[in-house]
Amino acid sequence: MKRWFGIILAVLALAGLGLAQTLVYGQSKLPVTLDSAAAQDGNSLRVAKQVVETLVTFEPGTVNPIPGLATRWEASSDSKVWTFYLRKGVKFHDGTPFNAEAVKFNFDRWNDKQNPYRGNKEFVPFTWVFGGFKGEGSVIDRVEVVDEYTVRFYLTTPVGFFPQMVAASYFGIDSPKAVMKDPDKYGTPEVGIVGTGPFVFDSWTIGDKVVLKKNPNYYDKKRMAHVDTLVFRGIPEPTSRLAELKAGSIQIANNLSPEDLKAVKADPNLVAVVQKGLNIGYLAFHQQNKPLDNLKVRQAIAMAVDWQAIVDAFYGGLGERATEFVPPAMWGRAGDIKPFPYDPKKAKELLAEAGYPNGFETEIWYMPVSRPYFPAPQPIAETIATYLADVGIKAKLKTEDWGTYLADYDKGKFPMYMLGWSPDYPDPDNYLYTFFGPTSIKTNLGCETDYCQKIAGLIQKARVSPDLAERKKLYAEAQRLVHEYVLSIPVAHNNPLHATRKNVKNYIPSPLGSEDLYMVEVK
Amino acid sequence: MAAYAIRRFLGLIPVLFGVSLLVFTFVHLIPGDPARVMLGQRATPEALKRLREELNLDKPLFFNLAAYRKTGDPRRLFDSQYPAYLSRILRGDLGRSIFSKVSISEELRARFPATFELTLGAMVVALLVGIPAGILAAIRKNSLFDLLVMTGALVGVSMPIFWLGLLLIYVFAVNLHWLPPSGRLGIGVSFHPLTGLLVLDSLLERRPDVLADALRHLILPSLALGSIPAAVIARMMRSAMLEVLGQDYVRTARAKGLPERVVIWKHALKNAMLPVITIIGLWFGTLLTGAILTETIFNWPGIGKWLYEAIQARDYPIVQGGTLFIAGIYVVVNALVDLSYGLLDPRIQYR
């Protein structure tokens, strides 16, 4: 009798497990921290994003801003004062109410270095997006609570794309009560985070996994989570992630190698998911190095290399050749730029005209790590060098450790270097200001000529203009000049490859890198 | 013996001090710093300077001559990074990760048991395979078995762990579905470990389901990690055994009519084990500290992978604290191996 009872219990328990849906997500690393404004990597932000929400968010799979914790927003006529109207009746997972005070608390904590609730965090991503902390270049001057559900931001300069800025996944609104309890430990494995999102933080086992549970009291029935338990695991090697997916121990494998596309398609249990990429990989010239300051030399280099062939060879059919620095999935493109043709004969002529009929010696630096925009930096660099050798340019290939690489590229040490970008916030500004803004055009490209100042000026002007149509025109103009003067050569946009088990439905990756997972179902 | 042991352990203090100094110097000599890594491509010189100040990276490494000259106060000479670091360590504080802000002792507490368990697993594999194989190969010198063992040992030493690990995963996890591909416990298993050694904890908490699950997860990484020491131990065991078997006392034992079984397992083995013990001790230390590849492939939440990533990110406190901890373990294991000789071989006397 007793034994029967035990068996019945076991069967019931199994049935219960079958009903409760668990989704295991395999990404390349576990989070570093879940305190989102201190998190600098997609793996941290993806996990935090399920728990904490931003004022403005994006329609899944796109870069179109839609209401998040704010239902609508408006700017003053000069774009210096932005007012956000907040969603009513929202509660944090700890039961405290979400309101204008909570929004102010969060932004003050990030913006003001004297704020007592910063803990030991540096909030570096805040400076990426807003330009610095309060008094040190931050575009946010102060935040005002107008009433319980209205909050107003006073900016130091006009910013036309402020809603896109606060939509960056760094700025998830945390529960003030939870932060105040222990600002130092907030976001670490020990205490986790508390937000308003469709998932609630459950546990984080160091080095092993993060477990989130469905929030049954979520305010928006349409965005209610489908799975009961969401587990994140960090699996560093793409081959291991694919192996785990095949073994069935994870249901979603993020960021696989392009060459695995065939293997995924060949397995009847798996589905390949290609994401629209917002990244760009490019080859830059530092004009402090002669003869790269010569326009004809730069044009020759652009024509000496068959860029399309490189994209075809190294991106596993997932990449596309870049013609501009703003990717096609984003607005603000010139749209009419014709890429340089592959024409080694013309390249030789140009070199001869520039006074280098027999070519010259230079260096190409490539990054030591694989990035989404350059999946195989070394072979790509080797191919570029081979093409250049055909027209007489002898390029030595060099690299150094990634941390050092990032420390050196803007010192003029690299005559030519490969680099790339994935955006912090989806606005052309985040690309063009980063590459060709007034400071970077000098330090990163070593260019102080008139046309460089003009380009930087156009981008600076577009940055502060509240008028979308004007901004579009300015960005198009700037990109045409960048192309004309070959400041750098855009190489490729890569579209990352992910894969799921066949029973996973509604998985929509985000071009921004960290996607919402509430809509995902496991059938 | 006791006096020797005390002296041996006191001798570790200057060693560890030297390690802390070396690690500190080398870590700071690597170009690039955490502020750079954090700010990445968007670093402006002003932002870098501010962040360095915030992270206390702007002070001199050893002696703050500038502050001393300015104030004339000799105490200000030590207002620099290494003295601050040393005094923190002496107070038992290893610091916090620059990026995650998690305290290093907390990370070590969570991760070291995982590495320790994997090392034990790998050593069990190495001993179970290496010692019998070495002995049998020595007894049947130049036989087909001997040839097989020695070839196997060569393959074992030269096979890259990375490749072997992936092979094991593809065969046993992906294709046969016999064993899990990675991790320490299944996702659905809820369990609160006491010590972090899951096999031990599951026994203590009487959870046979957890024990089975933990062991299943342990098999593949232990095989991969144990392959090299198994091969080394087999070769060492074979040559040590051959040497001992040629000695007079073995001949005497045989001459007095002892059965071969007793000659080998009782008389010869004990003496042949001495060099093998040294190797085992060294390998135990090495595995504890250097299982980066195995931990990465099998996604094992140990210290190897953690340290490797910290070096990439220039997370100074983790590299310094973690290395010091590992060096501590390594020298202690070596000291214990030294002391164990006396137990095995009474001729060795410690003074």
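The model is predicted, so local features need pLDDT of at least 70 and side-chain atom pairs count only at pLDDT 80 or more, while totals for chains, interfaces and linings use all residues. Residues are numbered from 1 along each chain as its sequence is written, and chains are lettered from A and ligands numbered from 1 in the order in which they are written.

Chain A has 17 helices and 21 strands; these are DSSP runs numbered from the N terminus, helices being H or I with at least four residues and strands E with at least two. The radius of gyration of chain A is 25 Å, close to the 24 Å that the globule rule gives for 523 residues, so the chain is as compact as a globular protein of that length. That radius is taken over C-alpha atoms, and the rule is 2.2 Å times the number of residues to the power 0.38. Along its principal axes, the C-alpha trace spans about 95 × 55 × 35 Å.

Now for the sheet. Seven strands of chain A line up as β8-β9-β10-β1-β11-β19-β12 in an open sheet with mixed pairing, where two strands pair if DSSP finds at least two bridges between them. β8 (199-205) and β12 (270-274) of chain A sit at the edges with a single partner strand each, so one side of each is left without a neighbour in the sheet. Further in, β11 (residues 252-256) and β19 (residues 497-501) of chain A run antiparallel, joined by three bridges. Ile252(A), for instance, has Thr500(A) in β19(A) as its bridge partner.
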